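Biologist: Please pick a single part of this model and take me through it closely. After that, connect it to the rest, in plain terms.

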Amino acid sequence: MRRTPALLLALAMTGAGMASLVPSAAAAGQSAIPDSHPTWASPNAKVGNVDTAKKLTFRVYLKLADQAGLEAAANAVSDPSSPSYRKFLSTDQVRTRFAPTAGAVTAVRDWLTAAGFAAGEAPANNAYVEATGSVDQVQKAFGVTLGEYRVKGQTLRSQDRNLSVPASVAPYVSGVINIDQAVSLLKPASVGAAGDATPDAVAQPKTTSPAVAPPPAAFVNAGPCSDYFGQKVDTTDPAYAGKQLPYAVCGYTPSQLRSASQLDLAARAGFDGRGVTVAIVDAFASPTLYEDAAEYAKRHDPSHPLTKSQYSQIVFPPTPGSEDPDQCDASGWYGEQSLDVEAVHAMAPAAKILYVGGADCSDEGLDKALNTIVSKNLAQIVSNSYGNTGEDIPADEVQAFESIAIQAAAEGIGVYFSSGDNGDESHRLPAPAADFSASSPWVTAVGGTSLGIGKDGRKNLETGWSTGKSTLTAGAWSPAAPGAWLYGAGGGTSVLFPEPNYQKGVVPDALAKQNQTGNNRGRVVPDISMDADPTTGMLIGLHQTFPDGTVKYSEYRIGGTSLASPLLAGLMAVADQLGGRHGFINPWLYKALSHTPAVSDVKPVTGAGEVRVDYVNGIDDSNGFNRTVRSFNHPDQTIQTTRGYDNVTGLGTPNGLLFLGLI
C-alpha cells in the first residue's frame with residue numbers, strides 16, 4: 001500500500017450517478033443531459049449559493065463515433081482465439097475510425113466560445129473539450145443554478161437540475177464533468193509505514209499550491225525486524241495462539257522481490273524490461289521523486305541504477321474549480337509516487353518509466369492524465385494505484401473512463417489498477433462492494449497477497465492478504481487470535497458491469513452472482529495478485545519532514561495493492577520485452593493461463609502471522625513502543641481466499657519463468 005494510511009478513502013455519494021429527484025426542465029432549444037444532477041443536491045441539503053464570479057474549469061466529453069466498433073476491435077486484439085490477436089491499432093487508426101469527429105469537436109468548441117468560455121484544444125483522441133469560465137457563464141450556458149450542498153459532512157458544489165446543452169450539439173455530448181463535485185475524490189491505495197496509523201495522520205501545514213506541498217511527516221521503522229521472512233522469532237513476548245511468531249520483515253528489497261518472481265533468472269538471460277515503457281499515474285508530483293528513486297536504487301540495487309535517461313514525467317498544474325473540498329493532501333501522495341516508481345524499477349530495472357501527475361485527486365483529473373498516455377500511445381503498460389470507495393459513481397464519469405480504457409485495449413496498452421485496501425468495503429459502506437476503476441471489465445484488477453520470501457529468495461508462504469490485529473496489552477494479546485480485522489485486498493462483484501466473456505466458465509457461479517438480483521451475473525474483482533500486505537511489504541525511500549522541521553531522505557516499509565499493481569506492471573514489462581506487447585491481458589489470463597502452472601493458485605493459510613514493533617510516536621523510542629501481531633488470512637469479510645479463483649487473489653499470482661514463457 002502506498003503510504004501508510006491513506007487507503008482508498010474517496011467520497012461515496014449515494015445516487016451520484018442516478019436521475020435527479022427534482023424536476024429539470026431544459027430551456028427552449030436546449031436538450032437535457034440525462035442523469036447529470038446528483039440526487040444528493042436536493043433543496044433540503046442546500047446551504048448556500050456559489051460566488052458567480054468564481055472560475056471553473058470543466059470538461060465536455062464527446063461521444064465516440066463508433067463505440068460498438070471500438071469495443072469489437074479491442075476485444076479482437078485481446079482475445080487469444082481471435083485471428084486479430086495482438087494486431088493492435090495505432091492511435092491514428094483509432095482516431096480516424098472510432099473517435100469523436102473533428103466536426104463534433106468544432107461544434108462543441110464553437111458553442112462554448114460563443115457562450116464566453118475559454119475553450120482549449122481537444123486531446124489527440126478528441127475525447128473532450130475543456131473550458132474555463134465563471135459560475136455565471138456556466139449557469140447561463142447550461143440552464144442551471146449552482147449552489148452549495150451539505151452532504152455526508154462535506155459542503156459540495158452542484159447544479160440544481162440536469163445540465164442542458166443546445167439541441168445542435170447534444171448529439172455529440174456524452175457528459176460534462178466538474179461543474180458539480182459529485183465525482184469521488186481519490187486516495188492512494190496503499191497502507192504505509194505505520195500500517196494503520198500512517199504518516200498522513202500527523203498534522204501537516206496547509207498549502208495553497210499542492211505542487212509545492214512539503215514532504216510528508218516522517219515515519220521510521222522500529223526494530224527488531226527481519227531481513228527475510230521468518231529470520232527472527234519473537235521469544236520474549238507471549239505465544240500467539242500457541243505459537244512464537246517471527247518478527248515482521250524490515251521491508252523487502254528489489255533483489256528479494258525479483259528473486260521471488262524469478263525475474264533474477266530472467267535478467268541473467270538479458271530480460272529486464274529494456275525497450276518497454278511503463279507509465280505511472282498519480283496526483284501531483286513530489287519535487288524529489290526522481291532523486292528519491294535514484295537514491296533508493298543506489299542504496300539497495302547498486303547494479304541497477306535508475307538513470308535520468310530512463311525516467312521522464314508529465315505533471316499537470318492545478319485547474320480552477322477542481323479542488324478537493326478537504327484538500328487533496330498533496331504530500332500524502334508523495335509516498336505513493338515513490339513506491340510506484342521504485343517498485344516498477346525493482347522488477348524491471350532496464351524499463352523506462354514515465355510518471356504522469358494529475359492536476360488534482362479527482363476522477364476527472366486522473367482521467368486526463370491517463371487519457372494523455374492513451375491518446376498518444378506513450379507507454380505499453382500503465383499502473384494506477386488509486387480508486388474510489390465502491391461503485392457509486394456518476395454515469396458520465398463511468399462512460400468517460402470506459403472510453404479511455406477501451407481505446408487503451410485496442411492500442412495494446414495494458415491498464416492495471418489496484419483492487420483496493422479495504423476488503424469488501426463492508427466496514428465503510430452499507431453493503432459489500434467492489435471498487436471502481438478496478439471493477440471496469442477493461443482493466444486488469446490487481447489483488448494482494450501476504451508473501452513470505454525466505455533466505456534463499458524463494459516464496460515459502462503465500463496467502464490472500466486479509467490482516468487481523470492484536471495488541472500486546474497487560475501481558476496478553478488482545479483481542480485473541482486472529483485479532484480484529486484491520487485491512488485487506490479489495491475484491492467482490494460489480495453492480496455496474498455484467499460478467500465479461502473472459503470470466504465465464506472460470507469464475508464460480510456463486511461469486512458472479514454476489515450482490516446481484518435475479519439471474520444477473522457481474523464482473524468479479526480481482527484478476528490476478530502480487531504481494532500487498534504491509535507486514536510483508538517493500539522498503540521504500542523518499543524525503544520526509546521530521547518533527548524538528550528538518551527534511552531528509554528516509555526509508556520505511558510499505559504495502560497495499562498500491563504495491564501489487566506496480567510490481568505486476570514491472571513483471572509485465574519483462575513479459576513485453578520477451579514476447580512483444582501483451583496489451584489488455586485479461587482474456588489471455590483467463591483463457592490461456594488459468595488452470596495451468598503458469599499461474600500459482602493462492603490458498604488459504606491459517607495460524608500464521610508476524611509480530612510488529614512500532615514506535616509510539618512513529619519516529620523514535622522516546623515514547624516507547626507498540627507491539628502487535630498481524631495475522632494472515634483473517635476471515636471477517638464476505639470475500640475469502642479459497643482454492644481456485646477467489647475474490648481476494650483472483651486467479652492467483654504469476655509463476656515466475658512459466659508465466660513469462662521462458663520454460
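Modeller: The part I pick is the place where helix H7 meets helix H8: Leu289, Asp292, Ala293, Tyr296 and Ala297 of H7 are in contact with Gln337, Ser338, Val341, Glu342 and His345 of H8. Contact here means heavy atoms within 4.5 Å. Helices (H or I, at least four residues) and strands (E, at least two) are DSSP runs, numbered from the N terminus.

The model is predicted, with local features needing pLDDT of at least 70 and side-chain atom pairs pLDDT 80 or more, while totals for chains, interfaces and linings use all residues. Residues are numbered from 1 along each chain as its sequence is written, and side-chain values use heavy atoms, without hydrogens or water.

H7 covers residues 289-300 and H8 residues 334-347; their axes come within 10 Å and cross at roughly 45 degrees. Axes are lines fitted to C-alpha atoms, for helices over the stretch in contact, with angles from 0 to 180 degrees between N-to-C directions. The angle makes H7 oblique to H8, a word for whatever is not roughly parallel (under 35 degrees), roughly antiparallel (over 145) or roughly perpendicular (65 to 115).

The axes of H1 (residues 67-78) and H10 (residues 395-411) come within 8 Å, crossing at roughly 45 degrees. H1 is therefore oblique to H10. Among the residues in this contact are Leu70, Ala74 and Val77 of H1, with Ile406, Ala409 and Ala410 of H10.

Elsewhere, nonpolar residues gather into cores. The largest nonpolar core has 127 residues, and Met538, Met572, Leu589, Phe659 and Leu660 have the most contacts inside it. Helix H12 (residues 561-579) gives the most to this core, with 10 residues. A core is a set of buried Ala, Val, Leu, Ile, Met, Phe, Trp, Tyr and Cys residues joined through side-chain atoms within 4.5 Å; buried means under 20% relative accessible area, exposed over 50%, partly exposed in between (1.4 Å probe, protein chains only). Leaving aside residues up to four places away in sequence, Phe659 touches several residues, including Ile528, Leu571, Met572, Trp588 and Leu589. A second, separate core of 29 residues includes Ile33, Val105, Ala141 and Val169.

A search of the whole structure finds one disulfide, a pair of cysteine sulfur atoms within 2.5 Å. Cys225 and Cys250 form it, with sulfur atoms 2.1 Å apart. Both cysteines lie in the loop between strand E10 (187-188) and helix H5 (254-260), so the link ties together parts that are 25 residues apart in sequence. Cys225 and Cys250 are both buried.

Some details of the backbone remain. Most residues other than glycine have a negative phi, and most peptide bonds are trans. A cis peptide bond joins Phe436 and Ser437, with omega about 20 degrees; Ser437 lies in the loop between strands E16 (414-418) and E17 (444-453). The bond from Ala481 to Pro482 is cis too, with omega near 10 degrees, and Pro482 sits in the loop between strands E20 (476-478) and E21 (484-488). Asp35 has a positive phi, near 60 degrees, without being a glycine. Asp35 is in the loop between strands E1 (30-32) and E2 (46-49), and its relative accessible area of 31% makes it partly exposed. Asn515 also has a positive phi, about 65 degrees, and is partly exposed at 36%.
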